[in-house]
Structure formats: structure tokens, C-alpha cells
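Please look at the sequence and the model first.

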Amino acid sequence: MSLEFVWVFSKKNINKDWFFKVKNIHGSLIESPIKSTKCLIGKSDCAFILSDSKIPESPNAFFDGECVYGSEFMSFFVPNNIDQYFDFAYKARGSFCLAFSYNLSGVNVVRFANDQLGMYPVLYWSDGESLVVTNNPILSEKVVKESIGISLERSIQNVVNEIVAASPLNTGPFKNMRFLPFDSELVVREGGWEVKRRSGDDFFYNSWVGEDELLDLSILEVTENVKAIAKSSFEIKIADITGGFDSRLVLAAILNSGLENEFFFNTNGKYPNPDANVANFIIEKYGLKKGSLASNPFKRKSRLSTDPLYELSTFSYASSGMKSNIDRHISSLVKNENVIQVGGGFSAYKANKSKSLSGCSPTIDDGVDAICYGNFSLPHEEIKSVRKHIEDIIRNWVVLQGMSVHDALDRYHIEYRTRFHIGLCEHWSRLCQIKAHPLHSPSLVRLAFKVGYTKRLNDKLLFRLMERLNPELCTIPFENRTWRKEAYEGAELAKEINNLKPITLKSKKLFKKEPVETALTYPSPEREICVSSLLENKRENVQQPLIANGNPEWRKSQMKLGRKWHWYKLDEIKYAFDVLLSEALLEGADLVWMESLGKKKLQDFKSVKEVLELHALTQFLIFYQNKEVPLRVGY
């Protein structure tokens, strides 16, 4: 997020003067931002813009994000006319938001579009008299209060949705605030506004284009993405490489394009870790350059490695109280403009959610159960309401549009789960470290639903993609898994693939010698000063001490089981939850139902969904009581 914006459209008088008098506005993630305002319609609107660097001037547009457009990797784009706006909005691939105003037959119009797959989070709020559009909800709370005197009301519904359905279901952190849906844009005229679909359901899920043509288009888009990233201006391009499918497919596109020398490749762990074993073998086999970003001395202490309350408080500041995926939160206090990371996100070619269904003819109720499984401490009526919401979504797709339940669940994963887990998290992380995903391809989504559920489930589609890009990579073993026989049935490589065994902790070393690893991050002295000052002021709103020494026996027992911090920090999270809930109840909050979770003992947490419910509600309590701790990145 190199640019933060809050656009206010209102019948009220809009106060702008305060904006330039405050150095750091609560909600902004940028340290000492460059500020500007812009009117897109006239006297009735104002865009409050904060950026980490000077952006080119445009009287009627602004842009944030990264994308591939016309074979170029772009971090900035401004259309000159409405035709250019539409061309970009439909053809650019990546994660971005574009605002553009124009005059249509004497009427001023503003359009807000994000990328076609909806990865970039755009939120809007309205009370009927005013409309607010933003990419940072907490920032919008401050801007709306100061500019038009309206107090946004913090809400728990998005968190309830997240706990039960693993997604906020397009519900924002304030009452009446929504996320712009998948494949949509917001169109505002002086007399009103509407959310409009763009390409439509049939374009993605019932394509009239043939399977072979869609395969060609998918290969073209993925390789174009790789080529654009390779020739971008970033000094360092570093791609993930693991023992799994997703990073392997990205590598296949890189090798197919002959661009392996343009990238460093990063893996985690050491032998006998299966990921490292496979990754190091691939690096050695193809002569790839191994690199690591772990040398950054100004990296935030992440994954709740020290003070859980502090980590949750700072992440609440970035995430507006949602838990999302805490593993992927902002990891540095410094922006590194020389590096771009390349990941394997948005794997539409898999049976991502439908694989959890059992039986050949699942019902709509089975689909709801697959999404909303778990035992929660939430009130029964809240859980019932979320389940009804999910049922309505699936029923609409199955009954009205004729989708199978399997397809409906994989569609849910794309339109709600992936946009939240990957899109939202990496939107926050963009401020310090850009990460691109070559598999962001609308044609790949269309192809995945054209071939059908079975070919997604048995990896036939994945195999066809990898076989086209680099057949040899199909013959290299994977970490803890192998190809399903249906995937490679009839292939020329079938005999060789049939002999592959999964690589486990007990597998022999595949590579001859540990590849040399290059440390890639070297912050300048100026940045060191900036980060030091940030660290000194970081704890301004944290009440200390809140976290006790914890329960060492619990921690030891969870580590022995091989569980991650979600479990072995549970004692400290639970303590923070108890204290925060007690404070909220004393202040009269209508949260008595949470007491049942407060009475729950550590050993009574049986599933990771129960653990994540505690994490999510702890973050919500921080957000609810306005105790989020400012997190700002220097540049």
C-alpha cells in the first residue's frame, strides 16, 4: 500500500484544513506521509490521499497497486480517457485500485475499479447522505470524523463472519461498510451511486471459449506475468521455491520463458525438512541462484514471537481488528523499493474447497457444513445467521445458475476466501514489500471451471499446465505428496512419474551440496535511523505489563506435538483475552456471551478453528476498545 486514500462524497460541507495540520493521522500506516487532496466531481467531494513518495499529478485519477498491463509491470497508471480506463480495468492483471472521473453528456461520473479478480480491497460506506470509499478503514474513521463530523461505528459482524466462514463475506469493520465484490466496480454520479458487475458470472464460470483455447490463454497470461516481472525495474526479484505444487508451477513458467537467471529463489528450512530437500535439489539441478531476505536487521518480531498483545495490537491497527492470517502481516518497518517477491498464490486450478466434500452428490447443506464446520463460542443465533448467509450464496449459484455444489464451493474459495486471505494481507504488506503472483490469471479461473471439478480434484489440470510449461518438472518428486494417477494417465512421462515417491523427513538427501545462499537485504544508514525512531515510539498505547510469564508446561507440550505458535502461545493469548474482556464488560459492552470462552481451559481447545476464534476475538476486543497500536513503515 504505497498510497492510502479516503474519498468523501457528501451533501455536507467537507472540511479539508485539518488534514495538513496533523503529521501522522491515526489509521495511516505510512510514517510522515506526503499528503494531497483532490476533487473528482466538484465541491461535493474530496479525496484525502497519503503516499510514501511523490506521485505524478493527475487532476481526475489516482492509482495504487501493482499489475501487468500490455506486457509491462506497472506500479502507476492514469488513463487519459474512459476508453483507456475500461481497457486497463479489464486487461490488467495483479492487485490494484484505479479511480477515474470524467464527464458524460454533462454529468460528472467517478468510477472505482480494482483488479478483475478483486484481490485489492476497496471498501465503501454510506448513510444515504454521504458516501465514503477507501483502501484503509481505520484511516477512513478519522477522516470522516474530521471532514464531515460523522462517527463510524465499529462492528463485530465481519469478525463473526471470519470465524465461522473464514471470510468477512464482503462486510467491513464498521456498520454499513462493505468490500467491493469480486468482478465489480463502484460507479458514482452526482445524483447517486451503484455497484456494477463487470464481466459477469458466465464469463468466469460458464465460458463459451473452448478448453484448449483457454489453456493457451492461461499459459500466455502466466508467462506474460513472469516476463513482465523479470524485466521490471526492481534490482532483486526473488521467487518462492518449495516442495509443493504452486511454486513449482511458477518455476515452470520461469524456465519456459528462459528467465531463471533473472530471479533468486528462496526456501525455508534445512535438510531433512522435505521442502528444503526438494527445493535445494531443484536449485542445484537447474543452476538457480538461492537467495534470502532474512538478513534484514530491522524486521519486526513476527508470529507472536515475543509479546502477543503487542503483536495483536499492531496488527489490529493494520487489519481493522480482523485476524485474517497473522503469519503474513507486515514484517518490516522499512520499505525496500529494490526488491519484489514472487509467490504462487491464487491456485484456481485446484479443488480448493470442494475436496472437503464427501460423496458423489453433495447437497447445499453439505456445502454449508464444509465452509462453516467447527465448534464455536459465538452465540447460536450469530452462527445460524452466518450459515444462512452462506446457504443463500450457494443456493443462488446452484439453483439459479445451475452450478454443481462442488463448483460452488471452489467459486466461494475464489470470490471470498482467497481475496481475503491473500489479497487483504498482501495489501497491508505492500507498504514495505511488494509481492507479485504470476498465477493471477482470469483465463486460469475460466479454464478451471471449464474443465470441471474432477480434473481440479485429481490434479489433471495442474499436470496439463506444468507439462505444457516444463515437462521435466513433472518428474521431480514433491514434499509429502505425489501425482494422482488420473493426472498423468496417458502422458508420455507416465512410466517415469509412476515411480515417484513423496519426500518426507525420512527421505535421503536429494542434492549433493547445500547451495550457496546470498543475503539480499542491505538497508541504508538513513533507514536505520528512521527505524530506530519508530521502535522507540512504538509502544505509546500499550498497557504494561499485561502478559504474564505464561504457562511453560503448556508451551513445552505444544512444541513437543510440533504445533505452531497458534497453539503454543495460546496461554498468553488467552490471558490477554480475559483482561480485555473484563475491561469491556466493566464499560458496559454487550459481550456477555464471550464469558463462556473466557471460562474455557487451554486443554479444552480441540481444533485449530477454536484456537483461531480466540485469536480473532482478542483482536476484535483490541479494536472495539480503540486500543490498536500505531504501526507505521518508514521509507
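The notes below cover the basis of the model, then a pocket, then helix pairs.

## Basis

This is a predicted model, in which local features need pLDDT of at least 70, side-chain atom pairs count only at pLDDT 80 or more, and totals for chains, interfaces and linings use all residues. Residues are numbered from 1 along each chain as its sequence is written, and side-chain values use heavy atoms, with hydrogens and water left out.

## The second largest pocket

The second largest pocket holds about 400 Å³ of space. It is lined by 23 residues, and S2, S53, S75, K335 and I434 are the closest to its centre. On a 1 Å grid over the protein atoms alone, a pocket is an open set of points where a 1.4 Å probe fits, with protein on both sides within 12 Å along at least five of seven lines; lining residues have an atom within 4 Å of a point. The volume is the space filled by probe spheres set on the points.

Strand β4 (residues 61-69) gives the most to this lining, with four residues. Strands (E, at least two residues) and helices (H or I, at least four) are DSSP runs, numbered from the N terminus. By class, the lining has nine nonpolar, eight polar and six charged residues. Asp, Glu, Lys and Arg count as charged; Ala, Val, Leu, Ile, Met, Phe, Trp, Tyr, Cys and Pro as nonpolar; the others, Gly among them, as polar.

## Helix α14 and its partners

The axes of α5 (residues 211-230) and α14 (residues 460-469) come within 11 Å and cross at roughly 60 degrees. That makes α5 oblique to α14. Axes are lines fitted to C-alpha atoms, for helices over the stretch in contact, and angles run from 0 to 180 degrees between N-to-C directions. Angles under 35 degrees count as roughly parallel, over 145 as roughly antiparallel, 65 to 115 as roughly perpendicular and the rest as oblique. In α5, the residues meeting α14 include D212, L215 and I219. The contact has four nonpolar, two polar and five charged residues.

The axes of α6 (residues 245-256) and α14 come within 8 Å and cross at roughly 25 degrees. The two are therefore roughly parallel. F245, L249 and A252 are among the α6 residues that meet α14. This contact divides into eight nonpolar, one polar and two charged residues. Contact means heavy atoms within 4.5 Å.

## Helices α8 and α22

The axes of α8 (residues 308-319) and α22 (residues 608-624) come within 9 Å, crossing at roughly 70 degrees. They are therefore roughly perpendicular. From α22, T618, Q619 and I622 take part. The contact has four nonpolar, five polar and no charged residues.
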